[in-house]
Amino acid sequence: MFKRRFGHAFLATVVAIASLTGAPRAQETGLTGADKAADIVQARQLLMDAAEEHIMFIDAVSAGKDLALSDMKSRAYQLNILLLAFPHLFPPQTTPAAGDRDGAFQTNATDAVWKDFPAFYQAAQDFAAVALDASQAKDIGAFRVYGAQLRAGCDSCHQAYMTPVEQPK
Ligand code: HEC
């Protein structure tokens with residue numbers, strides 16, 4: 001009797017509706033945007049801090065300092081890796097508004113990131129591509145040209161997608 005009235009199709013529909021109405025998805029592990037938004041924001045900020053560690057040395061070389069080419073190339077390669085991962089750390093639960101609402105985190109990313117996410121994603125990919133080219137520079141002269149492009153890439157992305165942060169005077 002039950003079997004005939006509530007067959008598989010009916011049950012499948014109930015499950016589908018439950019998932020559409022935002023029923024708790026505690027069983028679905030790995031959706032870290034849902035329950036670890038503050039950690040994701042921290043992860044992307046730490047990732048940027050790591051990028052800063054590398055560009056400091058690259059800037060010094062661009063300014064004429066004589067540092068080992070092999071070290072510069074490996075720093076550029078690290079920048080390639082970091083910027084390929086970076087845009088994956090922007091789930092919709094990590095907007096500035098979400099941080100303000102929950103009081104759980106503070107982000108300096110602006111709404112522009114989510115307004116046209118493909119453009120933001122592309123900016124990160126473009127940067128990563130230059131970093132990859134830099135990691136294969138033939139000599140220090142060629143590396144310096146890439147170094148300037150990398151610095152410009154950091155700055156232009158921040159201009160487009162980041163709230164200006166007051167520099168300590
Ligand atoms: C694709 C765009 C993009 C590129 C390229 C980029 N950044 Fe960022 N950066 C951001 C955004 C967005 C934030 C704000 C992150 C947040 O607060 O959630 C940020 C934040 C930062 C911060 C502050 C981190 C903190 O602790 O709050 C530093 C430092 C930084 N970036 C350095 C760099 C350096 C150095 C480069 C180049 C090697 C670079 N970024 C390239 C978008 C970018």
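## Chain and fold

Of the 169 residues of the chain, 17% count as buried, a residue being buried if 20 or more other C-beta atoms, placed from the backbone, lie within 10 Å of its own, exposed if 12 or fewer do, and partly exposed in between. The model is predicted, so that local features need pLDDT of at least 70 and side-chain atom pairs count only at pLDDT 80 or more, while totals for chains, interfaces and linings use all residues. Residues are numbered from 1 along each chain as its sequence is written.

The secondary structure comes to nine helices and zero strands, where helices (H or I, at least four residues) and strands (E, at least two) are DSSP runs numbered from the N terminus. Among contacts between residues at least 6 apart in sequence, 69% join residues at least 24 apart; two residues are in contact if their C-beta atoms, placed from the backbone, lie within 7 Å.

## Packing of α8 and α9

Helix α8 (residues 117-134) and helix α9 (residues 140-161) pack at an angle of about 165°, with their axes 9 Å apart; axes are lines fitted to C-alpha atoms over the stretch in contact, and angles run from 0 to 180 degrees between N-to-C directions. The two helices are therefore roughly antiparallel, a term for angles over 145 degrees.

On the α8 side the contact includes Phe120, Phe127 and Val130, which are among the residues that meet a set in α9 including Phe143, Tyr146, Leu150 and Cys157. By class, this contact has 11 nonpolar, three polar and one charged residues, with Ala, Val, Leu, Ile, Met, Phe, Trp, Tyr, Cys and Pro counted as nonpolar, Asp, Glu, Lys and Arg as charged, and the others, Gly among them, as polar.

## Surroundings of the ligand

The ligand is surrounded by 24 residues, of which Met48, Thr107, Asn108, Cys154 and Cys157 are the closest; a residue is included if its C-beta atom, placed from the backbone, lies within 6 Å of the ligand. Two or more residues come from each of α4 (37-62), α5 (69-85), α8 and α9, and α4 gives the most, with eight. By class, the shell has 16 nonpolar, five polar and three charged residues.

## Proline 91

Proline 91 is found in the loop between α5 and α6 (96-102), and with 17 C-beta neighbours inside 10 Å, proline 91 counts as partly exposed. Not counting residues up to four places away in sequence, proline 91 touches Gly33 and Ile40. Its C-alpha atom is separated by 9.5 Å from that of valine 41, which is 50 residues apart from proline 91 along the chain.

Methods. Angles under 35 degrees count as roughly parallel, over 145 as roughly antiparallel, 65 to 115 as roughly perpendicular and the rest as oblique.
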